[in-house]
Amino acid sequence: MKLTLGFSPCPNDTFIFDAMVHARIDTEGLEFDYFLADVEELNRKTFASEVDITKMSYHAYAYAAENYLILDAGSALGHRNGPLLISKQIIEPSELTGSRIAIPGKYTTANLLFSIAWPKAKNRTEYLFSEIEDAILNGEVDAGLIIHETRFTYEKKGLHKIADMGSTGKILPDCQFHWALLL
């Protein structure tokens with residue numbers, strides 16, 4: 001049986017699926033047509049039920065739950081390892097309502113958490129997650145939500161943390177993605 005499998009180019013994903021997609025383990029007769037895509041693209045493909053097995057944001061699952069089943073393993077949850085809100089200039093959290101914010105996608109968990117923390121901050125623009133730092137540095141936006149490995153390297157570019165979406169009391173616990181199977 002051949003199944004479609006979608007995951008992101010994030011090092012965690014590529015490591016997890018390397019052995020499976022390169023036939024280094026016994027998949028018991030399952031074959032995979034796999035592709036790599038940004039998490040927001042994967043989210044949108046789930047809404048259209050285009051992928052059999054896929055990574056998706058927790059936020060996106062609320063819109064795809066009718067067609068997908070969460071798998072028992074593979075969830076990426078991390079204590080104090082959630083999305084970060086960063087900026088070039090120091091911005092006080094109280095100033096965010098009028099700021100231009102880059103988000104890694106409308107249906108990402110990062111955007112959901114930001115929306116809970118700053119519901120009045122409506123000036124958001126979607127960017128590919130890997131382009132958010134440059135958008136801040138180039139002055140296209142005042143701040144941005146970063147995910148994946150950029151949360152560990154942003155300081156080297158002179159950027160500042162405004163908030164950690166996973167460590168404040170009013171934000172949901174750290175959560176990014178989970179794996180789901182098309183029903």
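**Ring pairs and covered elements**

Biologist: Why does Y107 count as buried?
Modeller: In this predicted model, Y107 has 15% relative accessibility. Buried means under 20%, so Y107 counts as buried.

Biologist: What makes F47 partly exposed?
Modeller: F47 is at 29% relative accessibility. The class runs between the buried limit of 20% and the exposed limit of 50%, so F47 counts as partly exposed.

Biologist: How many aromatic pairs are there by the rule for ring centres?
Modeller: The count is six aromatic pairs. One of them joins F47 and Y107.

Biologist: Why is the pair of F47 and Y107 called edge-to-face?
Modeller: The ring centres are 4.8 Å apart, and the limit for a pair is 6.5 Å. The planes stand at 75°, and over 60 degrees counts as edge-to-face. The pair of F47 and Y107 is therefore edge-to-face.

Biologist: What parts does the pair of F47 and Y107 tie together?
Modeller: F47 belongs to helix 2 (residues 39–47), and Y107 to the loop between strand 6 (101–103) and helix 4 (109–117). The pair therefore ties together parts that are 60 residues apart in sequence.

Biologist: What makes the rings of Y63 and Y107 an edge-to-face pair?
Modeller: Their centres are 5.0 Å apart and their planes at 75°. With the distance within 6.5 Å and the angle over 60 degrees, the pair of Y63 and Y107 is edge-to-face. Y63 lies in helix 3 (residues 58–64), 44 residues from Y107.

Biologist: How do you know that the charged end of K45 sits over the ring of F35?
Modeller: The distance from the charged end of K45 to the ring centre of F35 is 5.5 Å, against a limit of 6 Å. The charged end of R151 likewise sits over the ring of F152, at 5.2 Å from the centre.

Biologist: What makes strand 3 (residues 53–57) mostly covered?
Modeller: Five of its five residues are buried. I53, K55 and S57 are on one side of strand 3, T54 and M56 on the other, and both faces are covered.

Biologist: How do you know that strand 1 and strand 3 pair?
Modeller: There are two bridges between them, in the parallel sense, and at least two are required. T54 in strand 3 is the bridge partner of G6.

Biologist: Which residues of helix 2 are buried?
Modeller: They are V39, E40, L42, N43 and T46.

Biologist: Why are the buried residues of helix 2 said to line one face?
Modeller: Viewed down the axis of helix 2, they fall within an arc of 155°, so they line one face. In general, an α-helix has 3.6 residues a turn, so residues three or four places apart point the same way.

Methods: Residues numbered from 1 in each chain as written. Predicted model: local features only at pLDDT ≥ 70, side-chain atom pairs only at ≥ 80, totals over all residues. Heavy atoms only, no water. Phe/Tyr/Trp six-rings, centres within 6.5 Å; stacked < 30°, edge-to-face > 60°. Helix = DSSP H or I, 4+ residues; strand = E, 2+ residues; numbered from the N terminus. Buried < 20%, exposed > 50% of the residue type's maximum accessible area, 1.4 Å probe, protein only. Lys NZ or Arg CZ within 6 Å of the ring centre and 35° of its normal. Arc of directions from axis to C-beta.
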